[in-house]
Amino acid sequence: MTTAAGCSDDTKDGDAHFLAEVRAFLVQELSEDLREAGRRTTGFHTEIDAAREWHARLYRRGWVAPGWPREHGGCGWSVRRRFLFEQECARNDAPIIFGTGIRSIGPLMIAAGTEAQKARFLEPILSGEDLWCQGFSEPGAGSDLAALTTRAETDGNFYVVTGRKIWTTGAHLANRMFALVRTAHMERPQDGITFLLIDMDSPGVSVRPVVTIDGEHDFNEVTFEAVRVPLTNRIGEENHGWAMAKQLMRFARSNNTTTGSLRRAWRMLEREVARCQPGPAFALRLSEVSIALTAMEALELKLLAAGRLDGEDEMASSLMKTTATELHQKISELALEASGPLAQRYELAPSGELQMSLAARKYFATRAATIYSGTNEIHRNIMARHLRQ
Ligand SMILES: Cc1cc2nc3c(=O)[nH]c(=O)nc-3n(C[C@H](O)[C@H](O)[C@H](O)COP(=O)(O)OP(=O)(O)OC[C@H]3O[C@@H](n4cnc5c(N)ncnc54)[C@H](O)[C@@H]3O)c2cc1C
């Protein structure tokens with residue numbers, strides 16, 4: 001297990017010392033190639049080779065899991081340190097790692113996994129050897145997730161899983177999936193759901209790409225045909241997976257700062273603006289968005305420090321989700337507008353393929369921000385429920 005050697009001790013060091021340490025690390029490890037890849041990022045993670053390389057460098061420094069406890073190889077940083085770190089990475093165009101293992105399933109395993117599961121799965125998440133994807137949504141189960149029908153039946157020491165998942169981000173890259181499956185039909189649809197860990201190379205798993213409007217391949221449809229999964233790959237009790245999923249979503253929210261991605265989008269907008277001569281009306285809209293971004297960062301820091309973004313405070317996390325994603329869209333709209341006719345050009349990707357301009361890809365990718373992690377309509381329902389109480 002990696003030690004957290006090299007992580008600053010929050011209790012002793014001031015922010016200035018911490019930031020100096022982070023900046024020195026970025027100067028040393030964040031090569032121009034990695035920065036360039038970071039600047040090309042439009043979706044959840046940077047192109048996979050650069051994302052893996054950055055993951056490896058963070059891992060060597062002991063900084064790949066800022067929110068994990070030290071005894072499990074994390075930094076154990078306070079939320080303030082995590083925020084400062086993320087902001088500094090964003091300001092320096094660091095790549096975004098493929099982070100489902102670090103942000104979602106790793107923390108759930110630490111909280112609710114068996115000792116055997118922790119021993120087997122945590123270290124490969126930290127080292128980057130294992131990449132995880134999330135198999136929750138199905139063709140008939142998105143906002144109404146409890147309607148899921150992928151089923152698992154017991155056969156000796158195995159579950160046999162049959163069904164279909166959709167919108168599975170990164171399933172084509174991941175070697176493992178955490179999934180919700182139906183093991184019983186009970187009165188409440190949330191009951192009878194079980195949380196399983198599935199090896200993507202198990203016989204019977206097939207992955208089909210779903211290419212989105214920006215020409216990118218992040219999504220997939222995953223089909224299970226009698227896939228055998230050991231009973232020991234279950235987290236929590238059989239039929240009580242819903243509670244595990246809720247706990248995982250809380251971890252995912254609290255282990256991810258929202259405004260880091262906005263700051264990255266803002267930097268892209270700045271680069272587009274530098275190439276054009278914005279008139280006064282456009283400059284005014286830019287400064288309005290810049291103020292909104294600064295206000296968002298201040299709000300996030302305040303809510304984080306008050307412990308209100310740990311997922312328990314539904315009002316706070318729904319407010320952040322809706323406001324931040326709509327601001328993200330606004331930033332990408334301005335970038336598209338700033339790039340003008342250049343937005344319609346196709347560019348040569350490092351892979352040698354022609355792809356849409358960065359501003360156009362960013363614009364299309366950001367349309368999804370108000371859909372994933374619960375649609376903004378669903379989050380507005382949650383806020384309305386709280387306001388009524
Ligand atoms: C970029 C991206 C990545 C994703 N990655 C993953 C992943 O890795 N794994 C995974 O499991 N899933 C993933 N998803 C799926 C995502 O969780 C679902 O798309 C989302 O929950 C919405 O479900 P749906 O698409 O079935 O839409 P629906 O639930 O069918 O909703 C359709 C429309 O109806 C509205 N609506 C639905 N119910 C209500 C209601 N009660 N009140 C008001 N309005 C309502 C919605 O807001 C939406 O506008 C991803 C989605 C996106 C866009």
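Biologist: How do the axes of helix α4 and α8 cross, and how many Å apart do they come?
Modeller: The axes of helix α4 (residues 79–91) and α8 come within 9 Å and cross at roughly 15 degrees, where axes are lines fitted to C-alpha atoms over the stretch in contact and angles run from 0 to 180 degrees between N-to-C directions. That makes α4 roughly parallel to α8, since angles under 35 degrees count as roughly parallel and those over 145 as roughly antiparallel. Helices here are DSSP runs (H or I, at least four residues), strands are E runs of at least two, and both are numbered from the N terminus.

Biologist: Before I go on, what kind of model is this?
Modeller: This is a predicted model, in which local features need pLDDT of at least 70 and side-chain atom pairs count only at pLDDT 80 or more, while totals for chains, interfaces and linings use all residues. Residues are numbered from 1 along each chain as its sequence is written.

Biologist: Which residues of α4 and α8 meet?
Modeller: E86, Q87, C89, A90 and R91 in α4 meet G260, R263 and R264 in α8, with contact taken as C-beta atoms, placed from the backbone, lying within 7 Å. By class, this contact of α4 with α8 has two nonpolar, two polar and four charged residues; Ala, Val, Leu, Ile, Met, Phe, Trp, Tyr, Cys and Pro count as nonpolar, Asp, Glu, Lys and Arg as charged, and the others, Gly among them, as polar.

Biologist: And are α8 and α9 roughly parallel or roughly antiparallel?
Modeller: The axes of α8 (residues 258–274) and α9 (residues 280–305) come within 10 Å and cross at roughly 160 degrees, and the two helices are therefore roughly antiparallel to each other. Among the residues that meet there are L262 and W266 in α8, and L293 and M296 in α9. The residues of this contact of α8 with α9 divide into six nonpolar, two polar and two charged.

Biologist: Changing topic, which domains does the chain have?
Modeller: The assignment, which is automatic or from a database, gives domain 1 (15–97), domain 2 (132–246) and domain 3 (257–388). The centres of domain 1 and domain 3, taken over C-alpha atoms, are separated by 20 Å, and 14 residues of domain 1 are in contact with twelve residues of domain 3.

Biologist: What surrounds the ligand?
Modeller: There are 17 residues around the ligand, the closest being F136, G142, S143, T375 and E377, where a residue counts as near if its C-beta atom, placed from the backbone, lies within 6 Å. Domain 2 and domain 3 each give at least three residues to this shell.

Methods: Parallel < 35°, antiparallel > 145°, perpendicular 65-115°, else oblique. Contact = placed C-beta atoms within 7 Å.
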